Amino acid sequence: MIPPAFDYTRPTSVDEAVRALADAGEGEDAKVLAGGQSLLPLLRLRLAFPELVVDVGRIPELRGVREDGDTLAIGAMTTHHDVVRDPLVRRHAGLLAAATATVADPAVRHRGTLGGSLAHADPAGDLPAVVLALNGELIAQGPHGRRTIAARDFFVDYLQSALEPDELLVEVRVPKSDGWGFHYEKFHRVAQAYAIVGVAALVRRDDGRIAEARVGLTNMGATPLRAAAAEEALAGAADAQAIARASDAAAEGTRPAQDVSASAEYREHLARVLTQRAVLAASGMG
Amino acid sequence: MTHISVKVDGTTYQDEVEPRLLLIHYLRDRLGLSGTPIGCDTSNCGACTVELDGVSVKSCSVLAVQADGGEVTTVEGLAEDGELSALQRAFHEKHALQCGYCTPGMLMAARDLLRENPHPSADEIRHGLEGNLCRCTGYQNIVRAVQAASEQEVPA
Amino acid sequence: MTDQAVEPEVGRARPRKEDARLITGQTNWTDNISVGGLLHMAILRSPMAHARITRVDVSPARERPGVIAAFSGADLAEGLGSLPCAWPVTEDIVLPDHPPIAVDEVRYAGDPVALVVARDRYTAADALEAIEVDYEPLPPVLDLEAALAEDSPLVHSDKGTNRSYVWPLRTGEDFDSVRQRAEVTVKRRYHHQRLIPNAMEPRAVGVTPLAASGEYTLYSSTQIPHIVRVMMAVVTGIPEHKIRVIAPDVGGGFGSKLQVYGEEALALAVARKTGRPVKWTESRSEGYLATHHGRGMIQDVEIAAMRDGRLLGLKVDLLTDMGAYLMLVTPGIPLLGAFMYPAIYKMDSYDFTCTGVFTTRTPTDAYRGAGRPEATYAIERIMDELAVELGLDPVELRRRNWIGHEEFPYTSIAGLTYDSGNYEAATEKALALFDYDKLRAEQADRNHRGDSVRLGIGVSTYTEMCGLAPSRVLRDLRYAAGGWEAATIRMLPTGKVEVVTGTSPHGQGHVTCWSQIAADVLGVPFEDVEVVHGDTKAAPQGMDTYGSRSLVVGGAAVHHAARKVVDKARKIAAHLLEASENDLEFTDGVFSVKGSPDARKTIQEIAFETFTSHDLPDGLEPTINAEHLVDPDNFSYPHGTHLCAVEVDTETGQTRIRSYVCVDDVGKVVNPMIVEGQVHGGLAQGIAQALYEEAVYDDEGNLVSGTMADYLVPSAVDLPEFTTARTETPATSNPLGVKGVGEAGTIASTPAVVNAIVDALRPFGVHDIRMPCTPERVWRAVRSGKEARS
């Protein structure tokens, strides 16, 4: 199908991009075009009718990965392909690299970006839950400067982020997770399908026990979620049985959708099973 | 209308286009390069895969304006001086196509795969082609063809 | 040249002639059409499953810049007849009108209601949004059983019923009587979900009119250019001889392009009204609504047997979902399966009834296998249930009932005469390749250990009726056309050969295979043969491509026509060599006189002599070209044995195919590489029905799996490596001994996979899982099995 018509601008700096969004003003629906791998299908199916598209694809400062002390700072326009291969990401945020490698397919990963998939705020996307598990922070720039939004505050509702209409997501910051075990367990029916449920697990071990576990859930509600009860129960777990018991709490507090690919009940079941598997793999106790 | 300049299969084109024009429609309808087909509207099928600035992309999910200043290679640009690429030859010899509609995209995706991983296992080939659907072959001969091509010269 | 025999072409794994263009992008898809003044057509479709149209206003669309015309259904009604159904299966079938574009009422989400033509596709798409339509909702009709109730809302209110037809077939002993003497009966209900065929090339139509002479060239992404031509004449009133239909490169069909579509008639109508060339190409999601679906059936199956496993009879009651209208062969699809439920087994009684039901969904019609996958699924699933009931190994139960290879020709209980087959050989070969006993041992071990991942083994045997079809049989089944196929062979003056075929390939490789067949008979090089197809002007006679018929009927026609060419050439050779025809030998393209090896003429020389006609026998027609039409006197009956091993994760319900072995007997093989490719593709589609695909509708009749993101076509990652092998029992009904292979893989694989999954879960008391066997359905089956046992 054919996208609806829109105005188009292609700023070359973040300031220019933010100005373009601000100039769009009230009532004019402006959309940021990052890699376009979510937006273009929406446009083609005529599920979105932006009046202005702000293409941030030619802003060099939005790309790339750098170290900032104990944190990795990843430009919002860094493509999935680059994230997967980036040595810094692989060393300090292995979970992000592993999960990003499961996003869509190689051609989509060449265009799709980390910032784009977070700003899209699709709870079925793989990366929101991952950044949530990593205790990431998102840097937004608006007409009045930059602000930092914790991942737990960023995902507001289904396809809705905390970004204001005149704000641009410019950077994703994740604390280095060196020494943590990690695993992303994605459950989907065919390779290209969205996750029915995904579980992002990070585990820090101490003395043969789980000292701390963080579990992010994909597609278990209108936003990505943390399996807080399971995380709490996992602390101190020393073997597979303990992990299994603790994982039984993985669906607590979730509100998964019932849709064409699964019922809510089945998603809750999967959350428990996949949490167990992801944590086992991340902890090396499997 | 936005002015763009795109090099496609070695030729530079300059055009005024609507911002919403998809790269695939630019190739097919404006440039008359109909070798690359369209198979879906959700970027699932991969039939429209081309190379943009050295990597595979689905040209149904790229705006022509996003390709401005870029270099595109399509299936029509694979053979050099009439000499088929190793992948094209392997697709023919291993019967890796039936109706041929997915073939342009499959060739471009396979080329991308071999560039990143010159000697992939069968499993790696399947994962490398997961964004390209074929309804005729059941994929087995496509996997064979990519394997065969990988054992020859790696396409540039 | 010595008498050294040239290796025959038939049987060689020739890489395809078709490929050169397809791998370089020098293709000719219908959507590639680009001519001066071309108009792009876009169609507004009903967003509702069922509604009365109270108002359509296309004028806002017409006023937009770049829009040449816009039409409502009413604007086009005059001069457009009903879309045809060529297979009214019973005398009293309810056969509603099917306007190519709705006028008063829409009956499925996707039914066309208005259209625009504009200077480009973007303008056309935008203009659709300006059209105003008011609908008065009517109740949807979605449930096949509820649709037959007295008080059901009606899809076609003027018809007074949602029942389109009831078609019975009862043969042998009365089923009630065999049920009484049976020691065991098993009764099951099986569901076939709706499937979307998903040819990779979306449908497209183009029309170029010649207004002055009233001639129209219709390009269509179709499997059936010849049938489309006849039907377009009927629907539009344009005289048949003024319509030329071209099927250019066609990117797959699988039955979905075995159709006469409204868009073909609409494009003609618009070209007629505007006098300008018109093109329409569906998007994938539009095609999900507008291109016919397949399957969609509820089967009640009962089998009666003795304790020793001997089958007595089979009873089958079908409810089949016609969708909103009867399209080209919609009602006949279940009939193609009707004769196949008894499959390869001997029994005394067969009782079959099919009821066609209207629903407010996209019409159904042929999809790869068309009726036969459904039949094979039912019998092969219930044979497994019977085996469990009897405590027999499922392979053993089949062995006790199948027709022995020494019993052919064998007339099945359904009345078909199977000409040849060897079920024992195919099964033995499959079991050996599969390592059946070892897998059974592993399965027992996993079950014993209570492994969370269980192993299941599924077997499926099958036969199918291919090579559609003897025309007299079609008459008896009330099909409106014949089943013959045509071929013409032209010997060109330079010795090159043109084969004109009535088949219309869309990926099968006819150009290569017909070249192989002709090259052998004529003794010319493979490279010297060109095959002409898919254009009613260039290949005026044909019945097109579907139902695994092309090689069996069309390939046989090529063979016969080539024989005629040789016979004609022989007369001229005899004249030129001054010998009697009886003294001539013809080997590898050379006529020579027995005993005088130097007296010789090549067939190419004869072709040139015929061209000049300077020295032909008196009174001889100056041509060696020949035409032949084949009307088969029987179907062909490929068969085979498929074995599938799955690992089922009982915690998540996920199924992984661990190995898949099939041994198919498709008779003689023209090109083994192409045959293998057909099997692979068939397997992929059959497995996809078992595991992945389903057209899901909501309670309002909206297609929920409406894009490729929701309808799960498997990728390379989602399918296993297949082990394929063959046995070769030649068909006796055609000179090539071939049986057809296009549908075999699809027919056998679906029950093999589901049997394997159910087999894995028997320890949990599971005896069925509805297709597609999604992880959730599998998990639920395991859970309820466990609960029932605890």
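Guide: Residues 1-179 of chain A have end C-alpha atoms 48 Å apart, and this span is 34% helix and 25% strand, where helices (H or I, at least four residues) and strands (E, at least two) are DSSP runs numbered from the N terminus. UniProt, in an unreviewed entry, places the feature "domain: FAD-binding PCMH-type" at these residues; its positions are given in the numbering used here, feature names are shortened, and annotations may be inferred rather than shown by experiment. This is a predicted model, in which local features need pLDDT of at least 70 and side-chain atom pairs count only at pLDDT 80 or more, while totals for chains, interfaces and linings use all residues. Residues are numbered from 1 along each chain as its sequence is written, and chains are lettered from A and ligands numbered from 1 in the order in which they are written.

In chain C, the unreviewed UniProt entry places "domain: Aldehyde oxidase/xanthine dehydrogenase a/b hammerhead" at residues 24-139, a span that is 15% helix and 30% strand, with its end C-alpha atoms 51 Å apart.

On one side of the description stands β13(C), residues 294-305, which pairs with β14(C) in the antiparallel sense over 9 bridges, two strands being paired if DSSP finds at least two bridges between them. Within this pairing, C:Gly313 of β14(C) is the bridge partner of C:Ala304. The two strands form a hairpin with 5 residues between them, and C:Gly309 in the turn has a positive phi of about 100°.

The other pairing described here is with β15(C), residues 349-358, which runs parallel to β14(C) and is joined to it by 10 bridges; here C:Val316 has C:Phe352 of β15(C) as its bridge partner. Together with helix α10 of chain C, residues 333-338, β14(C) and β15(C) make a right-handed β-α-β unit. Right-handed means that, with the strands pointing away from the viewer, the path from the first strand over the helix to the second runs clockwise.
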